[in-house]
Amino acid sequence: MKWMSCLPGPRIWPAALLTVLAFAAFNVADSQVLTRNYNNQRTGANLSETTLTTSNVNTNQFGKLFQVSVDDQVYAGMLYVPGLTIAGGTHNVLYVATVNNTVYAFDADTGGSSLWQRNFNGTGRPTTRAEVGQACGTYNDFSGNIGIVGTPVIDGTTNTIYVVTRTVEGSSTVQRLRALDIATGADRTNSPQVIQATVAGTGDGAVGGNIAFNPVTHNQRPALALAAGIVYIGWASFCDTRPYHGWLMAYDAVTLGQVGVFNATPNGNQAGIWMAGAGPAFDAAGNLYVPTGNGTFDGTSNFGESLVKLAPVTLARLDFFTPS
């Protein structure tokens, strides 16, 4: 059956409720949805669609197919793998991640109980909105928990889903990159990895000529991306509460070792990488393109309000465009 989510990405959806709309008269397409916007060019175009037309999308054939319960709100986009061997059978599978740091695998045709689910709070808990976004006074971009926010990405060759969790453990906030088997939810070898990074700089939060990634102030909003065996992860802020910078990091998809780091304003401030929840876009050579938000700009080391071109793996800056 054709399915689509009625979740519009970054908007809030009532907790513990996920609704799927479907064309009950048609078979599931073989198309996979392994990344946000279908592909690494972020076109948002499903060019393999052969069934849906403006004539058959009507009240007689289109409507709610099923509803399933999840444990919290869903900000991350959903992903889809057809014909997967899972839970003792073959299923078309829908992957859902919540702000309570839980990942679910559901049958995309029938809903029902999850094929598997895992929660990654451990001995901790998700961040709450009262703990971030102080620059807004009352922070309302989130209404409750802030765990998994960025859309995961799936490697269809290795059947691995990559996701970033966010937990408060004692007095510390920890963000982790996890690699999970899409058939079982089990961690792959080397998973998880605590996310850390340091770059040279004199900007906001600098200590001794270096800026360390701050897991408290940085919002992992952009979708994760996967290209040529490298996972890319970006960050912005919570209501421009400083100190923060736009960060992009690259990890080897197998070892989960960090192979590249980019900071948009090492000698300044802000310039978050938001992507409106989408992931970095790639050209044919594997170069990445990311826009930054408001922040410091000097055309040398600080690139607020810019479109930046970065090299694959190392994330070395290759070019940029900034409006006058």
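The model is predicted, so local features need pLDDT of at least 70 and side-chain atom pairs count only at pLDDT 80 or more, while totals for chains, interfaces and linings use all residues. Residues are numbered from 1 along each chain as its sequence is written, and side-chain values use heavy atoms, with hydrogens and water left out.

Strands here are DSSP runs of E with at least two residues, numbered from the N terminus, and two strands pair if DSSP finds at least two bridges between them. In general, strands of a sheet pair through backbone hydrogen bonds, either parallel or antiparallel. Five bridges connect strand β6 (residues 102-107) with β7 in the antiparallel sense, and threonine 102 has asparagine 119 of β7 opposite.

Aromatic rings come next. A pair of aromatic rings is described by the distance of the centres and the angle of the planes. Rings of Phe, Tyr and Trp (its six-membered ring) pair if their centres lie within 6.5 Å, and planes under 30 degrees apart count as stacked, over 60 as edge-to-face and the rest as tilted. By this rule there are twelve aromatic pairs. In one of them, the ring centres of tyrosine 95 and tryptophan 116 are 6.2 Å apart and the planes stand at 50°, so the pair is tilted. This pair links distant parts of the chain, with tyrosine 95 in strand β5 (residues 89-97) and tryptophan 116 in strand β7 (residues 111-119), 21 residues apart. Tyrosine 95 is buried at 2% relative accessibility, and tryptophan 116 is buried too, at 6%; buried means under 20% relative accessible area, exposed over 50% and partly exposed in between (1.4 Å probe, protein chains only). For phenylalanine 297 and phenylalanine 303, the centres lie 6.1 Å apart with the planes at 75°, so this pair is edge-to-face. Here phenylalanine 297 is partly exposed at 40% relative accessibility, whereas phenylalanine 303 is buried at 1%. Elsewhere, ring pairs join Tyr75, Tyr139, Phe142 and Phe238 into a cluster.

Strand β19 (residues 247-252) is mostly covered, with five of its six residues buried. Strand β18 (residues 230-237) runs antiparallel to β19, and six bridges join the two; valine 231 has tyrosine 251 of β19 as its bridge partner. β19 also pairs with strand β20 (residues 258-263), in the antiparallel sense over five bridges, and tryptophan 247 stands opposite asparagine 263 in β20. The hairpin of β19 and β20 has five residues between the strands, and in it leucine 256 takes a positive phi near 60°.

A polar atom of the glutamine 220 side chain lies 2.7 Å from the backbone oxygen of proline 222. The backbone oxygen of glycine 234 is 3.1 Å from a polar atom of that glutamine 220 side chain. Contact means heavy atoms within 4.5 Å. Leaving aside neighbours within four places in sequence, glutamine 220 is in contact with residues including Val149, Val164, Gln175 and Trp235.

Methods
Helix = DSSP H or I, 4+ residues; strand = E, 2+ residues; numbered from the N terminus. Polar contact = N/O pair within 3.5 Å; in protein donor to acceptor, adjacent residues only side chain to side chain.
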